[in-house]
Amino acid sequence: MNSVADALEAVVRPLRFAARRNFANLPVLKGVERTVEMALSRADTEHPEDQRILKALRDRLAGFDALDLPDKKERVMEALALVDTHGLVSPENEDERAWSRRFAKGESSGPASRVQEAEVRPVSSSRSTTGVSGGLGPRVQEAEVRPVSSSRSATGASGGPGPQRGEDTGSRARPSSSLGRQEKSARSSEMSADELPHARAFFLAAPRAPARKLTKRVAMRDAQPDYPLSSVVGVGPKTADKLAARGVETVQDALFFLPTKYEDPREVTTIGSLRAGDKAMIQGVVAVSALRPGRRRMWEMAIKDGTGVLSVRFFRFSPAEMLSRYPVGTRVRAFGSVTFFGSQRQMAHPEMEVLPGDSVPSEIPILPVYPDIEGVPPRTLRRVLQSIAQHLAGRVHDPIPLEIRERWSLAPLAPAVRAAHLPDEGGVGPALRGLRRRLAFDELLYLQMALTSNRSHKEQEAGLVHDLGSGWRPLAEKALPFTLTGAQTRVLDEIAADLQAPRPMSRLLQGDVGSGKTAVALLSSAMLRHGARQACLLAPTEILAEQHARSAQNILGKLGLQVALLTGSTTTKARRTLLRILKRGDIDLLIGTHALLEPDVGFNDLGLVIIDEQHRFGVEQRAKLLAKRETLPPDVLVMTATPIPRTLTLSLYGDLRVSVIDELPPGRNPTETRVYAAREVAQAYKEVTQALETGRQAYVVFPLVEASDQLVLKSATEAMQDLSRTFHPHRVGLLHGKMKSDEKSTIMQSFARKQLDVLVATTVIEVGVDVPNATVMVVEEADRFGLSQLHQLRGRVGRGQHGGLCLLIAGDKAGADANQRLSVMAATQDGFLIAQRDLEIRGPGEVLGTRQSGLPDLVMADLATDGRLIEEAREEAERILGADPELTLPSHAGMRGELYRRFSGKLARIQAG
């Protein structure tokens, strides 16, 4: 038999896996019911509370495998919230704890948003005390009980965390101190999970300072923000060690370790209406107060209010104090988490308050709830952090000068931090929202300062000065079979100016699908012809590298330039020959994949590095290319066909000069996009057949290469035979990334030569594939793709004289949200508008693919919604560094230290180029 914790861990592990990345893994989850039954049936426990939790968990996951995805999501959230509520299994990370608690509190959407343990029937008020309490000890005379108002508050109705294991059972039961507080202004209704970030986010985004070394302990009132907590009187050594293990080492760290939520105990709930999982305030009369005999020493009280009876239990206490403070007949209030044993309502170690009269306002304050720290009871943590805030919040280290804060209406840190810990002193919601905006601005300001400083330093470095001869225009006239657009002409002028300037070029070239970036890149490499310098072009896939090599041969060959291709499939003999003539300087442009990064690939005089689909390469990979020139660094041009919203460009590429090709070549026909439900797939394929019968070609794209036991999705390989029958007598081929290079090349050449009519493929064709006769693109399970990725796929058709048609087929499980997202594709051809919408939905990492290595994670700032804040931070960063490039002014000393802390070791690596 296993312990309860082991059993729960076996159940929780797959649920956590399903919940990762906003439930992206949920479709993979299978066999949940069997896992639950096997795990829970082996749990060895006789404890009634554990048995009740196991039963509740089993009930929540009953019938799980047959549910639709939205219902499965709700069940997973319920189950994890239940486990997290009772503290039986440590949450995997702070994000999980955040949403599970929000869900338990009733802030999640959906019909199952409230965590309910059981359907509760009111307990008859005539029931005997002994029967209700389960034997509290000797009978004590019951006191007369007057009914309490039955109105129930939203706070009382919302769930919350139940008793935590490891809670401070040493805390004595006592009423809150009577501080004569005024009527409290902060309401829990002000604090929506949609508006306020998780407390851990505040902590991670807060200004930090290294702990000062002290040899003796100091009184709390004398501490400074950089004092270690272990040196502050009032913070025990063990508590300080536990906090330090979570990164909370100094007074400043503690001040920014803010609550995850707040519990407002001022609204009274009737005992009869309590449900398991509630965090509620009750008011009644002590009917029984006695020491309960048994193996575990416990003091138990029965509190009645005319609608029911509540059992209140304490496990560490002074009997004399309990008898003197809570004698039978005492009117009390109790605030805590409600559990059930059978039909009996219980609270363990609630906040208690003795009432002198009938209508005295509660003096139990609004209670901040902090992230769990193992080994530190919640009450102890709250006491320590609130005491630090009360004495030391006014000394919060604020590195941003007052002048800047006033210019952008930024909240001062000290009052907001104090209000967050001591909610009775001010409105919690506004305070935290102001603090969020302030810390988001700080994040963006330091990022913009780092990027601006990095760009400034690069522009001050000595760079190659290229002799372009008569310029790029004669080259274009001789090499290109078409006339350049105005946007291409403007960008080429910008690149030419950079190449002739005595500083290294670092330029980002953005352009929508089909805007002509490749022609610009190839002409840029041709500009080096007069100075006899070499260029290289790095592509993420062999298909794209081969496509570029063919284009380069057609264009640059007319200029007498030598082009070579190097990939992982290049034979050893051919590679040896290629590297020899490359080093000799006989190759003008080398195109390749990651094979270009190998140490033995050396150039004679590398002058220009071009990186296509740059977001697929990390900083270290780009740095390897730059290191292939030993003296002055080569110029760098990075390209992307993924339109990037301005907010993302400013935040991720602020150290690069940006060129945008915002004009499509004349005569380029728009591609019509239609969205089909899964049941309408036959109708969509009729559209394909009609196009094939007119001599056009088509792509059919699937999200997987082969059928998967984990993902219930159509795969390219299993669909191949079905589509061969569907489109008979038209010829169907298969292309995917797992094929060998020569196989892929053969298939693509067959498709380009019209030897195949339909190409069944994965997203390997997302970029670089150019077959003008292909006019139809079908994307199966289109809801599985991001909008930017769909836009890239759509760009593979309509590249010739005929218009394109893109058919997006939603999966069987696609909901209303997915269909609404796909409708964006049907509504616009604007890649930048699509990218902005994709950014709002999926975030920057997913939009760009591989996250930019070397960049910090933005904790508080939201690149999708904080566009104005990004602009303001950029403006301020340029103002600061324009006046004080090295931040040597005394007023900038704090910002200099904070900038170094956040970007130490990264300033020169943010963008290699």
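Trainee: At roughly what angle do the axes of helix H18 and helix H19 cross?

Mentor: This is a predicted model, in which local features need pLDDT of at least 70, side-chain atom pairs count only at pLDDT 80 or more, and totals for chains, interfaces and linings use all residues. Residues are numbered from 1 along each chain as its sequence is written, and side-chain values use heavy atoms, with hydrogens and water left out. Helices are DSSP runs of H or I with at least four residues, numbered from the N terminus, and axes are lines fitted to C-alpha atoms over the stretch in contact, with angles from 0 to 180 degrees between N-to-C directions. For H18 (residues 517-526) and H19 (residues 542-556), the axes come within 11 Å and cross at roughly 55°.

Trainee: Which term describes how H18 and H19 lie to each other?

Mentor: Angles under 35 degrees count as roughly parallel, over 145 as roughly antiparallel, 65 to 115 as roughly perpendicular and the rest as oblique. With a crossing of roughly 55°, H18 and H19 are therefore oblique.

Trainee: Which residues of H19 make the contact with H18?

Mentor: Contact means heavy atoms within 4.5 Å. From H18 come Thr518, Leu522, Ser525 and Ala526, and from H19 come His548, Ser551, Ala552, Ile555 and Leu556.

Trainee: Are H17 and H18 roughly parallel or roughly antiparallel to each other?

Mentor: The axes of H17 (residues 486-500) and H18 come within 10 Å and cross at roughly 30°. H17 and H18 are therefore roughly parallel.

Trainee: Which residues in H18 does H17 meet?

Mentor: On the H17 side stand Gln488, Val491, Leu492, Ile495 and Leu499. Their partners in H18 are Ala519, Val520, Leu523 and Ser524.

Methods:
Helices (H or I, at least four residues) and strands (E, at least two) are DSSP runs, numbered from the N terminus.
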